[in-house]
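Visitor: I have a chain open here and would like to talk it through. Could you take a look with me?

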Amino acid sequence: MIIGYASITLMLYSPTSLKEKRQIVKSLITKIRTTLNVSCAEVDLNDKWQLAQIGIATVSNDKKIVDTQINSVISLIEKDGRAEIVDVVVNTI
């Protein structure tokens, strides 16, 4: 069993309040979960209205599949356009 997880830090330019940030992040997380079938949640930077940190996790029996799923999440966020990826930390065990 291969477990892959990533911490992705995002910069959000459009929100002017925490409420607007939460709407964007929640929408993005829902899109990731439904499109790519990975676990996803906002994990840090909850009180910063222009920054967000989301965590994703996936499990497979093949490291290539895990890497592909994590890269797909990163691509989805980049294509979405509502957030810029500032930092990505990826681990597999």
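Visitor: Let's start with Lys31: is that residue buried, partly exposed or exposed?
Guide: In this predicted model, Lys31 counts as partly exposed because its relative accessible area is 35%, and partly exposed covers the range between the limits of under 20% for buried and over 50% for exposed.

Visitor: And where does Lys31 sit?
Guide: Lys31 belongs to helix α1.

Visitor: Which residues does Lys31 touch, not counting those up to four places away in sequence?
Guide: Lys31 touches Leu36, Leu76 and Asp80 once residues up to four places away in sequence are set aside. Asp80 stands 49 residues from Lys31 in sequence, while their C-alpha atoms are 9.7 Å apart in space.

Visitor: What about the span along the principal axes?
Guide: The C-alpha trace spans about 40 × 20 × 15 Å along those axes.

Visitor: How much of the chain is buried?
Guide: Of its 93 residues, 35% count as buried. The accessible surface of the chain amounts to about 5,500 Å², with 52% of that belonging to carbon and sulfur atoms.

Visitor: Now the core: which residues have the most contacts inside the largest nonpolar one?
Guide: That core has 22 residues, and those with the most contacts inside it are Ile8, Leu10, Ile32, Ile54, Val73 and Ile77. At least two core residues come from each of β1 (2-11), α1 (18-36), β3 (51-60) and α2 (63-80), with α2 giving the most, namely six residues. As background, nonpolar side chains in soluble globular proteins tend to be buried together.

Visitor: Then what is Leu10 in contact with, beyond its neighbours within four places in sequence?
Guide: Leaving those neighbours aside, the contacts of Leu10 include Leu28, Leu51, Ala52, Ile54, Ile77, Ile85 and Val86, and Gln50, Ala83 and Glu84 are also among them. For the chain overall, considering contacts between residues at least 6 apart in sequence, 68% join residues at least 24 apart.

Visitor: Last topic, charges: how many positive and negative side chains are there?
Guide: The chain carries 11 positive and 10 negative side chains, and the centres of these two sets lie 6 Å apart.

How values were computed. Residues numbered from 1 in each chain as written. Predicted model: local features only at pLDDT ≥ 70, side-chain atom pairs only at ≥ 80, totals over all residues. Heavy atoms only, no water. Buried < 20%, exposed > 50% of the residue type's maximum accessible area, 1.4 Å probe, protein only. Contact = heavy atoms within 4.5 Å. Areas by Shrake-Rupley, 256 points an atom, 1.4 Å probe, with all protein chains shown as cover. Lys, Arg positive; Asp, Glu negative; His and termini not counted. Charge placed at Lys NZ, Arg CZ, Asp CG, Glu CD. Core = buried A, V, L, I, M, F, W, Y, C linked by side-chain atoms within 4.5 Å. Helix = DSSP H or I, 4+ residues; strand = E, 2+ residues; numbered from the N terminus.
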